[in-house]
Amino acid sequence: MKLIFSLTLFLCLCFRAFSQDKNSQLLLSYSQEELNLIEQADEHQFQLLNYAVDHAIYTSDYHKSKHSDLPPISLKESVNDPSFTDFGLKIKDQNQYFYWESEGKLLVVKSFWVLNHEKQAKL
């Protein structure tokens with residue numbers, strides 16, 4: 001019985017630490033007040049933001065003829081596996097497109113709708 005209790009407590013602590021890590025990552029793009037408001041108003045949207053930390057961006061080939069009017073974006077520090085928060089961006093209701101200068105790539109930030117659809121498909 002002690003083993004089951006200990007294992008359950010350990011898993012809860014790990015989940016809490018994981019959640020706090022995601023929240024600290026979200027603080028790069030959102031204020032604590034914004035996160036509190038989102039969590040109170042719509043728990044599902046808050047969960048999507050946590051999911052978005054790891055799944056919201058991807059890159060594609062940049063073609064100057066097609067993408068020349070996109071706003072440029074860059075990272076302040078080099079990051080191996082960047083998230084939308086590393087760019088200081090927020091998730092919106094529509095996809096966002098940028099020219100990632102240092103990589104010479106098109107950077108796409110997925111919308112809430114895309115993230116929701118993607119997350120539901122994984123279930």
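**Nonpolar core and salt bridges**

The largest nonpolar core of this predicted model holds 23 residues, and those with the most contacts inside it are Tyr30, Leu49, Phe84 and Ile91. A nonpolar core is a set of buried Ala, Val, Leu, Ile, Met, Phe, Trp, Tyr and Cys residues joined through side-chain atoms within 4.5 Å. At least two residues of this core come from each of helix H2 (32-41), helix H3 (43-55), strand S3 (96-100), strand S4 (105-109) and helix H5 (112-122). H3 gives the most, with 6 residues. Helices (H or I, at least four residues) and strands (E, at least two) are DSSP runs, numbered from the N terminus. Residues are numbered from 1 along each chain as its sequence is written. As the model is predicted, local features need pLDDT of at least 70 and side-chain atom pairs count only at pLDDT 80 or more, while totals for chains, interfaces and linings use all residues; side-chain values use heavy atoms, with hydrogens and water left out.

Tyr30 sits in the loop between helix H1 (2-26) and H2. Tyr30 is buried, at 6% relative accessible area. Buried means under 20% relative accessible area, exposed over 50%, and partly exposed in between (1.4 Å probe, protein chains only). Not counting residues up to four places away in sequence, Tyr30 touches Leu35, Ile38, Leu49, Phe84, Lys90 and Ile91. Contact here means heavy atoms within 4.5 Å. The Tyr30 side chain also reaches the backbone nitrogen of Ile91 at 2.9 Å.

The whole structure contains 3 salt bridges. A salt bridge is a side-chain nitrogen of Lys or Arg within 4 Å of a carboxyl oxygen of Asp or Glu. Glu34 and Lys90 form one of them (2.6 Å, N to O). Glu34 lies in helix H2 and Lys90 in the loop between strand S2 (72-73) and S3, so the pair ties together parts 56 residues apart in sequence. Glu34 is partly exposed at 29%, as is Lys90 at 31%.

Asp61 and Lys105 also meet in a salt bridge (3.6 Å, N to O). This pair links strand S1 (residues 57-61) to strand S4, 44 residues apart. Asp61 is partly exposed at 46%; Lys105 is partly exposed at 29%.

Lys110 pairs with Glu118, their closest N and O atoms being 2.6 Å apart. Lys110 counts as buried, at 12% relative accessibility, whereas Glu118 is partly exposed at 21%.

Terms used. Polar contact = N/O pair within 3.5 Å; in protein donor to acceptor, adjacent residues only side chain to side chain.
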